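Please keep the sequence and the structure in view while reading.

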Amino acid sequence: MALGTLLGALAAASAAGDEDVDVRALARVAAPPLGLPAVPVPADNPLTAAKVALGRKLFFDRRLSHNRTMSCAMCHIPEQGFTNNEVATPVGVRGRSLPRNAPTTYNVAYQRSMFHDARDTSLENQIFGPLLSPDEMANPSVGFLLETIAGAPDYAGLFEAAFGGPVDVIKLGQALASYQRTVLSGNSPFDRWHFGGESDAVPDAARRGYALFTGKAGCVACHALGERDALFTDHGLHNTGIGYVLVAGRAERKDAVKVELMPGVVVPMKLKRGSGGGARREKDLGRMGITDDPRDLYAFKTPSLRNVALTAPYMHDGSLRTLADVVRFYRDGGTPNPALDPLIRPLDLDDDEVAALVAFLESLTGDDVDELTADARSVAVGN
Amino acid sequence: MQNVLSKARTTIGALILSLVGHGAPVVADETCQSPYMTPIKGQEEFVYVWTLGMDGVGDESDKLVTIDVRPDSETYGKVISTYSVGGQHEAHHSGLSDDRRTLWAGTLDDSQLYLFDIATDPAKPRLKKHITDFVEASGGATGPHTVFALPGRVLITATSNNRDHGGRSALVEYTNDGDYVATYWIPTPDNMQGATGKEFADGYNYDVRVLPRKNIMLTSSWTGWSNYMRDSNEVLQDAEAMKRWGNSMTIWNLHTRQPLKVLQVPGAPLEVRWALGEDHNYAFTHASLTSKLWLIYQDDKGEWQAKDVLTVGDPENPTFPGSIVITNDDRYLWWQGIADGTTRLIDVSDPFHPKEIYKKKIGAQINMGSSSWDGSRIYFTSSALSKWDRDDEQAEQFLRAYTWDGKELKQSFSVDFVAEGLGRAHQMRFGAHSLYSDVQTAQR
């Protein structure tokens, strides 16, 4: 999107929400924070303040689920890194168990594909996955969803003002994408040090971690950096063995597991035979589930590492709780399996080096996290 | 407030006089209810069971089930009425208004409140109001649980919120007519609202009970929607989720609804049961995860304190208590274990040194227990939560009625909630024609 067009949109900012918030959101896209590249905006969905405000309102509206309990934000919680820190895998409508961790929406504007298995192609399209999935927001049909929005008095005139016409599938996807595209977070301590030349912006440990990250640990092979910006992803998919862990674990699983009932109190507990009405955690083939190509077995998308300190738990299934756990997982060479990505190999890292890598990862937290949360909470939750 | 306290004293005093003056109990009412509530004169006649819809069972919908418990009735021990509300909403707890004319039934999933008229025909409750805007009205509290009667009002504990489906929640007050009054959020470390105990505050909520003569209200803590709506296998294996259980109880000023002190009570303390004796200034709760009985009491300096006084059953194999029932003489407490389907009688006559003295297996799983005031009849139901109930070949859903003679529980009748096409039996409340002398009641 041309800068001039965006600035024009800024001048014309008017929407259902807080105009200043919308103006600042557009400004973030027009001039992304240090460390982030220009934001790709589809030619057929130019950003406007009205669209951003409408998309934000939709994002936080629980009426967009069948029984009015789930909004997008119930799994992408602003105060929890736009994911859910309190569960390994999120919980869908009526408590349905979901198999994969909720990916953060920080900087989702730069994603070239959507979902952990890269099955969708754009922000505009992907929203219909959760909106219509019976395990997530469970709208029984597109028509039901559109009628819900069209019939809500507080949406009267908003789609018309933003798009020149009433709500339909295209406009709904475009509005939600417009808001999410503004959730940009950069200008982290790492950015100010690496791209901004502030020599004391990060601690020594983080600098050592960066050297390992780009050196003998080889993390950068997948979590790529550019010369002037960095998204810390190659946009590719890799088999690290995490998917295989689940399969192996199920094969070995017994009737009882050890459960920490409260800090320090661990007891063996018997599991129920079935799912108790929740969705069964099925074997997750990763990308192969989309392509049927055996080469894609257990392959999942490389996530960005920006704000990674805020988005625990980690990996596509939320199975690792801390950044140190993640670094140690890679240090140990992932989980061996027949289709393990050759980039994953045991690393010769001592505990100090693990700590340095964690310090580096912790330096990737943007300086506008509070602003993005305030932006998100500028709209009332729809009930 | 003076009227409130005065009425409470009058009510409690009347109950005590009834018991003492006649030597033997002449009133029958369930224990553990609000002291502001109108008592039943005579035996309870109906048990209202707020029942969860169950896939493959009947119309699969949540419903209020009425069971006839009049001993001389031809339909004794039978289902005589059902009122389906349509759909599955995670029906859970219910409660009565102070005049017992209305039974409020809440849903944990989508935060509905169904107000049933149980006065016009106590044998056949009818829906008179459906509140759909609990979340909007309360300012974001979700998952209504306990409904506790105050004079002309009900106080509802919410269990989650509309921002993250976690455990931070609130108390929500309504008029008896179903009009919203106010919301009182549970203290959190970043918003203690003047209370002490910041290091223990988690903002979680579950049950509420009051001690009017001390102007004290006590709340407990559970977990949020993301845990209680989720399959138990998933929760138990999710280390992050297992960190999200309540570890606190909060002492409040009943009159002002201001929190005063947060107590550390780890392991999801659930039901609050104040002792009933006029100088018994203590309450019990059961930590569901650790199977511990906790005592909340005033120390020598008048400070409210919490102390775990008994571990029930094998600590390595927790009973996961779903409810406790205190007897009207404060001597005993019934403890219902979800995991082992067993009720246990605990001698709490010395509240600091309780002892288990009796136990009986009721079924594969039990959750709720409700006792008549005189303690001679006790009813048990099976369901905990739709996604926590047993699902093996021994799974069953029931209400079972027992008599207690001081030595042995003997079953009076059992209603199979699956065979009857009803669903998962959860919370019970008692009803009777005798409560409504001003109403031309229907057939007795």
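The points below are grouped by topic.

This is a predicted model, in which local features need pLDDT of at least 70, side-chain atom pairs count only at pLDDT 80 or more, and totals for chains, interfaces and linings use all residues. Residues are numbered from 1 along each chain as its sequence is written, while chains are lettered from A and ligands numbered from 1 in the order in which they are written.

**Confidence in chain A**

- Chain A has a mean pLDDT of 91, and 90% of its residues reach 70 or more; pLDDT is the predictor's confidence in each residue, from 0 to 100.
- Residues 7-16 of chain A stay under 50 in pLDDT, and the pLDDT is also below 50 over residues 275-279 of chain A.
- Where pLDDT is low, the predicted coordinates should not be read in detail.

**Domains of chain A**

- The assignment for chain A gives domain 1 (3-185 + 368-376) and domain 2 (189-240 + 283-362); such bounds come from an automatic or database domain assignment.
- The centres of domain 1 and domain 2 of chain A, taken over C-alpha atoms, are 27 Å apart.
- Domain 1 of chain A gives 25 residues to the contact between them, and domain 2 of chain A gives 29 residues; two residues are in contact if their C-beta atoms, placed from the backbone, lie within 7 Å.

**Contact between the chains**

- Chain A contributes 36 residues to the contact and chain B contributes 40 residues.
- On the side of chain A that touches chain B, the elements giving two or more residues are β2 (256-262) and β3 (265-270) of chain A; strands (E, at least two residues) and helices (H or I, at least four) are DSSP runs, numbered from the N terminus.
- The largest share of that side, 5 residues, comes from β2(A).
- By class, the side of chain A that touches chain B has 15 nonpolar, 12 polar and 9 charged residues. Here Ala, Val, Leu, Ile, Met, Phe, Trp, Tyr, Cys and Pro count as nonpolar, Asp, Glu, Lys and Arg as charged, and the others, Gly among them, as polar.

- Chain B contains 5 helices and 28 strands.
- Of the 444 residues of chain B, 58% are buried; a residue is buried if 20 or more other C-beta atoms lie within 10 Å of its own, exposed if 12 or fewer, and partly exposed in between, with C-beta atoms placed from the backbone.
- The largest nonpolar core has 130 residues, and B:V47, B:I296 and B:L333 have the most contacts inside it. A nonpolar core is a set of buried Ala, Val, Leu, Ile, Met, Phe, Trp, Tyr and Cys residues joined through C-beta atoms within 7 Å.
- Strand β1 (residues 46-52) of chain B supplies the largest share of this core, 6 residues.
- Beyond its neighbours within four places in sequence, B:V47 is in contact with residues including B:I67, B:Y379 and B:F430.
- A second, separate core of 81 residues includes A:F159, A:L176, A:Y314 and A:V354.

**Backbone features of chain A**

- Most residues other than glycine have a negative phi, and most peptide bonds are trans.
- The peptide bond from A:A312 to A:P313 is cis, with omega near -5°, and A:P313 is found in the loop between β4 (300-301) and α13 (323-331) of chain A.
- A:N307 lies in the loop between β4 and α13 of chain A; A:N307 has a positive phi, near 60°, and is buried, with 21 other C-beta atoms within 10 Å.
- A:N107, in the loop between α3 (49-59) and α4 (123-126) of chain A, has a positive phi of about 55°. With 25 C-beta neighbours inside 10 Å, A:N107 counts as buried.
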